[in-house]
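Trainee: Let's go through the labels on this model. I want the cut-off behind each one.

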Amino acid sequence: MLRELADVIAEALSIIFERSWRTGEVPEDWRKANVTPIFKKGKKEDPGNYRPVSLTSIPGKMMEQLILEAIMKQVEEKKFIRSSQHGFTKGKSYLTNLIAFYDVMTGWVDEERVVDVVYLDFSKAFDTVSHDILLGKLRKCGLDEWSVKWIENWLNCRTQRVVVSSAESSWRLVSSGVPPGVNTSTTDEAGV
(Lines give C-alpha, C1' and ligand atoms only; values in the text may rest on other atoms or scores of the structure.)
Protein backbone atom coordinates (compact mmCIF):
# COMPACT_ATOMS: atom_id res chain seq x y z
CA MET A 1 0.00 0.00 0.00
CA LEU A 2 2.85 2.43 0.82
CA ARG A 3 4.39 1.85 -2.61
CA GLU A 4 1.10 2.49 -4.34
CA LEU A 5 0.64 5.74 -2.41
CA ALA A 6 4.29 6.85 -2.50
CA ASP A 7 3.61 9.98 -4.54
CA VAL A 8 0.87 11.04 -2.12
CA ILE A 9 2.56 10.31 1.23
CA ALA A 10 6.28 10.85 0.49
CA GLU A 11 6.26 14.53 1.49
CA ALA A 12 4.31 13.88 4.70
CA LEU A 13 6.63 11.00 5.67
CA SER A 14 9.64 13.19 4.94
CA ILE A 15 8.33 15.83 7.35
CA ILE A 16 7.63 13.20 10.03
CA PHE A 17 11.11 11.66 9.61
CA GLU A 18 12.83 15.07 9.78
CA ARG A 19 10.87 16.14 12.86
CA SER A 20 11.47 12.79 14.58
CA TRP A 21 15.21 13.03 13.92
CA ARG A 22 15.56 16.67 15.03
CA THR A 23 13.51 16.25 18.22
CA GLY A 24 14.60 12.71 19.06
CA GLU A 25 10.96 11.75 19.47
CA VAL A 26 10.13 8.28 18.20
CA PRO A 27 6.45 7.52 17.50
CA GLU A 28 5.09 4.81 19.76
CA ASP A 29 4.12 2.41 16.97
CA TRP A 30 7.73 2.53 15.62
CA ARG A 31 8.94 1.20 18.98
CA LYS A 32 6.60 -1.80 19.14
CA ALA A 33 7.23 -5.21 17.62
CA ASN A 34 5.19 -8.36 17.34
CA VAL A 35 7.54 -11.34 17.51
CA THR A 36 6.21 -14.30 15.57
CA PRO A 37 7.81 -17.75 15.44
CA ILE A 38 8.43 -18.94 11.87
CA PHE A 39 8.87 -22.68 11.36
CA LYS A 40 12.24 -23.64 9.81
CA LYS A 41 12.33 -27.45 9.53
CA GLY A 42 12.16 -30.60 11.60
CA LYS A 43 9.53 -31.50 14.17
CA LYS A 44 6.95 -28.80 14.69
CA GLU A 45 6.76 -29.73 18.40
CA ASP A 46 10.39 -28.66 18.96
CA PRO A 47 10.59 -24.93 19.81
CA GLY A 48 14.21 -24.93 18.56
CA ASN A 49 12.89 -25.43 15.01
CA TYR A 50 11.34 -21.96 14.94
CA ARG A 51 13.01 -18.64 14.17
CA PRO A 52 11.68 -15.49 15.85
CA VAL A 53 10.80 -12.74 13.38
CA SER A 54 10.11 -9.24 14.62
CA LEU A 55 7.29 -7.50 12.75
CA THR A 56 7.51 -3.73 13.08
CA SER A 57 6.09 -0.58 11.53
CA ILE A 58 7.15 -0.02 7.91
CA PRO A 59 7.65 3.76 8.34
CA GLY A 60 9.66 2.96 11.49
CA LYS A 61 11.82 0.54 9.49
CA MET A 62 12.28 3.23 6.85
CA MET A 63 13.49 5.68 9.52
CA GLU A 64 15.83 3.05 10.96
CA GLN A 65 17.29 2.59 7.47
CA LEU A 66 17.83 6.35 7.11
CA ILE A 67 19.63 6.47 10.47
CA LEU A 68 21.70 3.41 9.50
CA GLU A 69 22.72 5.03 6.21
CA ALA A 70 23.82 8.17 8.09
CA ILE A 71 25.87 6.05 10.51
CA MET A 72 27.43 3.99 7.73
CA LYS A 73 28.32 7.09 5.70
CA GLN A 74 30.09 8.64 8.67
CA VAL A 75 31.83 5.38 9.61
CA GLU A 76 33.09 4.96 6.03
CA GLU A 77 34.21 8.60 5.73
CA LYS A 78 36.14 8.46 9.00
CA LYS A 79 37.44 4.95 8.25
CA PHE A 80 36.35 3.52 11.61
CA ILE A 81 35.95 0.07 10.07
CA ARG A 82 39.00 -1.72 8.72
CA SER A 83 38.89 -3.41 5.33
CA SER A 84 39.23 -6.76 7.12
CA GLN A 85 35.80 -6.26 8.74
CA HIS A 86 33.14 -8.48 7.14
CA GLY A 87 30.18 -8.54 9.55
CA PHE A 88 27.67 -5.70 9.21
CA THR A 89 29.58 -4.41 6.18
CA LYS A 90 27.83 -3.79 2.89
CA GLY A 91 28.99 -6.17 0.16
CA LYS A 92 30.63 -8.54 2.62
CA SER A 93 29.37 -11.54 4.54
CA TYR A 94 30.41 -14.64 6.46
CA LEU A 95 31.28 -16.16 3.08
CA THR A 96 33.69 -13.38 2.08
CA ASN A 97 35.20 -13.66 5.57
CA LEU A 98 35.74 -17.41 5.16
CA ILE A 99 37.32 -16.94 1.74
CA ALA A 100 39.71 -14.27 3.06
CA PHE A 101 40.54 -16.44 6.08
CA TYR A 102 41.11 -19.51 3.90
CA ASP A 103 43.36 -17.50 1.58
CA VAL A 104 45.59 -16.37 4.46
CA MET A 105 45.72 -19.82 6.07
CA THR A 106 46.58 -21.64 2.83
CA GLY A 107 49.31 -19.03 2.19
CA TRP A 108 50.83 -19.77 5.57
CA VAL A 109 50.61 -23.53 4.98
CA ASP A 110 52.32 -23.05 1.58
CA GLU A 111 55.11 -21.21 3.44
CA GLU A 112 55.30 -24.23 5.79
CA ARG A 113 54.34 -22.13 8.78
CA VAL A 114 52.60 -23.70 11.76
CA VAL A 115 48.90 -22.84 11.77
CA ASP A 116 46.55 -23.32 14.72
CA VAL A 117 42.95 -22.20 14.42
CA VAL A 118 40.37 -21.55 17.11
CA TYR A 119 36.91 -20.75 15.78
CA LEU A 120 34.48 -18.78 17.93
CA ASP A 121 30.87 -18.28 16.91
CA PHE A 122 29.61 -14.89 18.05
CA SER A 123 26.29 -15.21 16.20
CA LYS A 124 24.28 -14.58 19.39
CA ALA A 125 26.66 -11.98 20.83
CA PHE A 126 24.58 -9.08 19.53
CA ASP A 127 21.54 -10.31 21.46
CA THR A 128 23.19 -8.99 24.63
CA VAL A 129 24.73 -5.70 23.50
CA SER A 130 24.44 -3.10 26.27
CA HIS A 131 22.58 -0.06 25.01
CA ASP A 132 24.79 2.24 27.09
CA ILE A 133 27.96 0.79 25.56
CA LEU A 134 26.49 1.02 22.04
CA LEU A 135 25.50 4.68 22.55
CA GLY A 136 28.90 5.47 24.05
CA LYS A 137 30.66 4.00 21.03
CA LEU A 138 28.43 5.94 18.64
CA ARG A 139 29.31 9.16 20.47
CA LYS A 140 33.01 8.25 20.52
CA CYS A 141 32.88 7.76 16.74
CA GLY A 142 31.57 11.31 16.45
CA LEU A 143 28.05 10.50 15.28
CA ASP A 144 25.93 13.65 15.31
CA GLU A 145 24.03 14.16 18.55
CA TRP A 146 20.60 14.22 16.83
CA SER A 147 21.11 10.68 15.53
CA VAL A 148 22.51 9.45 18.86
CA LYS A 149 19.56 10.98 20.73
CA TRP A 150 17.08 9.42 18.29
CA ILE A 151 18.70 5.98 18.70
CA GLU A 152 18.82 6.39 22.48
CA ASN A 153 15.11 7.28 22.67
CA TRP A 154 14.25 4.44 20.31
CA LEU A 155 16.31 1.90 22.28
CA ASN A 156 15.05 2.92 25.70
CA CYS A 157 11.38 2.65 24.77
CA ARG A 158 11.27 -0.44 22.56
CA THR A 159 8.70 -3.05 23.51
CA GLN A 160 7.79 -6.38 22.05
CA ARG A 161 5.32 -9.18 22.52
CA VAL A 162 5.02 -12.70 21.19
CA VAL A 163 2.11 -13.40 18.87
CA VAL A 164 1.16 -16.99 18.02
CA SER A 165 -2.04 -17.46 16.01
CA SER A 166 -4.51 -15.23 17.86
CA ALA A 167 -2.77 -15.44 21.25
CA GLU A 168 -0.62 -12.51 22.40
CA SER A 169 1.74 -12.13 25.33
CA SER A 170 1.94 -8.90 27.30
CA TRP A 171 4.24 -6.10 26.09
CA ARG A 172 7.78 -6.26 27.50
CA LEU A 173 10.58 -3.70 27.42
CA VAL A 174 13.57 -4.72 25.24
CA SER A 175 16.66 -4.10 27.35
CA SER A 176 19.50 -5.27 25.10
CA GLY A 177 20.42 -6.15 21.55
CA VAL A 178 21.40 -4.37 18.37
CA PRO A 179 18.68 -2.29 16.75
CA PRO A 180 17.03 -4.19 13.89
CA GLY A 181 18.04 -1.58 11.33
CA VAL A 182 21.69 -2.27 12.09
CA ASN A 183 21.33 -5.71 10.53
CA THR A 184 22.64 -5.09 7.02
CA SER A 185 21.87 -8.53 5.67
CA THR A 186 19.80 -8.90 2.54
CA THR A 187 16.75 -10.20 4.38
CA ASP A 188 13.89 -7.90 5.23
CA GLU A 189 13.42 -9.04 8.78
CA ALA A 190 14.52 -7.48 11.98
CA GLY A 191 16.50 -9.32 14.63
CA VAL A 192 15.13 -9.67 18.13
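Mentor: Start with the lining of the second largest pocket: six nonpolar, two polar and one charged residues. Nonpolar means Ala, Val, Leu, Ile, Met, Phe, Trp, Tyr, Cys or Pro; charged means Asp, Glu, Lys or Arg; the others, Gly among them, are polar.

Trainee: What are the ground rules here?

Mentor: The model is predicted: local features need pLDDT of at least 70, side-chain atom pairs count only at pLDDT 80 or more, and totals for chains, interfaces and linings use all residues. Residues are numbered from 1 along each chain as its sequence is written, and side-chain values use heavy atoms, with hydrogens and water left out.

Trainee: Why is serine 20 called buried?

Mentor: Buried means under 20% relative accessible area, exposed over 50%, partly exposed in between (1.4 Å probe, protein chains only). Serine 20 has 4% relative accessibility, so it counts as buried.

Trainee: Which residues is serine 20 in contact with, leaving aside neighbours within four places in sequence?

Mentor: Glu25, Val26, Pro27, Trp30, Met63 and Trp150. Contact means heavy atoms within 4.5 Å.

Trainee: How do you know that β3 and β4 pair?

Mentor: Two strands pair if DSSP finds at least two bridges between them. β3 and β4 have two bridges, in the antiparallel sense. Strands are DSSP runs of E, at least two residues; helices are runs of H or I, at least four; both are numbered from the N terminus. One of the bridges joins valine 164 to alanine 167 in β4.

Trainee: In which sense do β1 and β3 run, and over how many bridges?

Mentor: They run parallel, joined by four bridges. Lysine 32 has threonine 159 as its partner in β3.
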